[in-house]
Amino acid sequence: MPQIIFLPNEELCPEGLVVEAETGETVLDVALKNNIGVEHACEKVCACTTCHMVIREGFDSLDESDELEDDMLDKAWGLEPESRLGCQAIISDEDLVVEIPKYTVNMVSENH
């Protein structure tokens, strides 16, 4: 089982978190399942950028992003070459190190 290391995020997981994940799950689903309240305003359908994450290690193990995700990512704050939408980043068999950016494009939390 691959591990996901969520780096510390001041609001969502101040201490960081290391969790086990199932191959085929999305990074967002793993975060939510482990009580990391990542925004997902579009309910995981790749229609917003609120679940933007940066994959610090293991990026190349993920399937390539498609055109729709790339178009959405262009709107994300703090875009980096290793940025992905958590709802679209499907875990393979490699460990990941994930940073959840401090800010999203939402001015107010959706509180999912």
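Visitor: Which residues does His52 touch, leaving out those up to four places away in sequence?
Guide: His52 touches Leu73, Ala76, Trp77, Gly78, Leu79, Ser83, Arg84, Leu85 and Pro101, with residues up to four places away in sequence not counted. Keep in mind that this is a predicted model.

Visitor: Is His52 buried or exposed?
Guide: His52 is buried, because its relative accessibility is 5% and the cut-off for buried is under 20%.

Visitor: And where is His52 found?
Guide: His52 is found in strand β3, which covers residues 52-57.

Visitor: What does the side chain of His52 make a polar contact with?
Guide: The partner is the side chain of Ser83, at 2.8 Å.

Visitor: In what sense do β3 and β4 pair, and over how many bridges?
Guide: The two strands pair in the antiparallel sense, over 3 bridges. In general, strands of a sheet pair through backbone hydrogen bonds, and the pairing is either parallel or antiparallel.

Visitor: What is the order of the strands in the sheet?
Guide: The sheet is open and has 5 strands, in the order β2-β1-β5-β3-β4, with mixed pairing. Its edge strands are β2, residues 17-20, and β4, each of which pairs on one side only. On average, neighbouring strands of this sheet are turned by 35 degrees against each other, with direction ignored.

Visitor: Back to β4. Where does Arg84 sit?
Guide: Arg84 is in strand β4, which spans residues 83-85.

Visitor: Buried or exposed?
Guide: Arg84 counts as buried, because its relative accessibility is 4%.

Visitor: What does Arg84 touch, apart from residues up to four places away in sequence?
Guide: Its contacts include Cys51, His52, Met53 and Ile55. Phe59, Leu62, Asp63, Glu64 and Ser65 are also among them, as are Glu69, Leu73 and Ala89.

Visitor: Which side chain does Arg84 join in a polar contact?
Guide: The side chain of Glu69, at 2.8 Å. A polar atom of the Arg84 side chain also lies 3.4 Å from the backbone oxygen of Gln88.

Visitor: How many residues apart are Arg84 and Lys33, and how far in space?
Guide: They are 51 residues apart in sequence and 19 Å apart in space, C-alpha to C-alpha.

Visitor: New topic, then. What is the phi of Glu43?
Guide: Glu43 has a positive phi of about 60 degrees, although it is not a glycine. Most residues other than glycine have a negative phi. Lys44 also has a positive phi, of about 75 degrees, and is not a glycine.

Visitor: Where is Glu43 found?
Guide: Glu43 is found in the loop between α1, residues 27-33, and β3. Lys44 lies in the loop between α1 and β3 too.

Visitor: What about Thr50, buried or exposed?
Guide: Thr50 is buried, since its relative accessible area is 3%. Thr50 is found in the loop between α1 and β3.

Visitor: Which backbone nitrogens lie by a polar atom of the Thr50 side chain?
Guide: The backbone nitrogen of Ala41 lies 2.9 Å from a polar atom of that side chain. For the backbone nitrogen of His40, the distance to a polar atom of the Thr50 side chain is 3.5 Å.

Technical notes:
Residues are numbered from 1 along each chain as its sequence is written. This is a predicted model: local features need pLDDT of at least 70, side-chain atom pairs count only at pLDDT 80 or more; totals for chains, interfaces and linings use all residues. Side-chain values use heavy atoms; hydrogens and water are left out. Helices (H or I, at least four residues) and strands (E, at least two) are DSSP runs, numbered from the N terminus. Buried means under 20% relative accessible area, exposed over 50%, partly exposed in between (1.4 Å probe, protein chains only). A polar contact is a pair of N or O atoms within 3.5 Å; within protein, one must be able to donate a hydrogen and the other to accept it, and residues adjacent in sequence count only if both atoms are side-chain atoms. Contact means heavy atoms within 4.5 Å. Two strands pair if DSSP finds at least two bridges between them. Axes are lines fitted to C-alpha atoms, for helices over the stretch in contact, and angles run from 0 to 180 degrees between N-to-C directions.
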